[in-house]
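I opened a new structure today and kept notes as I went. Here is what I looked up.

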Amino acid sequence: MISFNVAGLLHEPPGVIRDVRLRDRYVTLGTDVELAGPLDADLRLQRTNRGILVRGSVRAPLRRTCARCTDPYVEEIRVGVDEEFLPSIDPDTGTPIPLEVGDAEATLRIDEHHEIELDGVFHDELALTEPMHPLCRPDCPGLCVECGGRRDSGDHAHGGEEIDPRLAGLAALLRDRES
Ligand SMILES: [Zn+2]
Ligand SMILES: [Zn+2]
């Protein structure tokens, strides 16, 4: 879990900043964002009138599966973060602060121990980078329609003309998908 205690910053006047550097942090962000290694982040926490603004960037290696050849590959991703967290209790008195009318229920809160948790923010930003058609490389030749092997390895001169009529449909389909 990636969390920071902002009790000190909450006692500063608006505008005061604190820079945070994360290096080689191993985290789990859920099954749909699969990290192939640790992530790095450079963040600036800034006291605002209402709470704490978190801005910066995250770099993470994401595991993907190629849509053409079905091989797994790793893509280095960099995303921006720009979120404001609002306190759930008054830092001085400890009394709960209700959300103001108009604040969405999805509003990010600083918890009652003055901690902000960034896992959810990192997850959401990284999940958005999942491509519709992930490719291990732009020119991935995909799989051979006849034998199912990788087209960039081995010999796929299987005799040419003798394509099984049932596979001919599949071949046309694959050509369509790639064009
Ligand atoms: Zn591929
Ligand atoms: Zn083949």
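**Ground rules.** I am reading a predicted model, in which local features need pLDDT of at least 70, side-chain atom pairs count only at pLDDT 80 or more, and totals for chains, interfaces and linings use all residues. Residues are numbered from 1 along each chain as its sequence is written, and chains are lettered from A and ligands numbered from 1 in the order in which they are written.

**Overall layout.** I listed three helices and seven strands; helices (H or I, at least four residues) and strands (E, at least two) are DSSP runs, numbered from the N terminus. Their order from the N terminus is β-α-β-β-β-β-β-β-α-α. I then looked up the domains, whose bounds come from an automatic or database domain assignment. Domain 1 covers 3–127 and domain 2 covers 141–179. Their centres, taken over C-alpha atoms, are 46 Å apart.

**Extent.** Along the principal axes, the C-alpha atoms fill a box of roughly 80 × 35 × 20 Å.

Buried means 20 or more other C-beta atoms within 10 Å of the residue's own, exposed 12 or fewer, partly exposed in between, with C-beta atoms placed from the backbone. Of its 18 residues, Val6, Ile52, Ala60 and Ile116 touch the most other members. Strand 4 gives the largest share, five residues.

**Helix 2.** Which residues of helix 2 are buried? I wrote down Phe122, Glu125 and Leu126. They lie on the same side of helix 2 because they cover an arc of only 95° around the axis, an arc of the directions from the helix axis to the C-beta atoms. They pack against strand 4 and strand 5.

**Strands.** Strand 3 and strand 4 run antiparallel, joined by eight bridges; strands pair if DSSP finds at least two bridges between them. A hairpin of four residues links strand 3 to strand 4. Strand 4 also pairs with strand 5, antiparallel, over 14 bridges. I traced Leu53 of strand 4 to Gln46 and to Glu84 in strand 5.

Technical notes. Core = buried A, V, L, I, M, F, W, Y, C linked by C-beta atoms within 7 Å. Contact = placed C-beta atoms within 7 Å.
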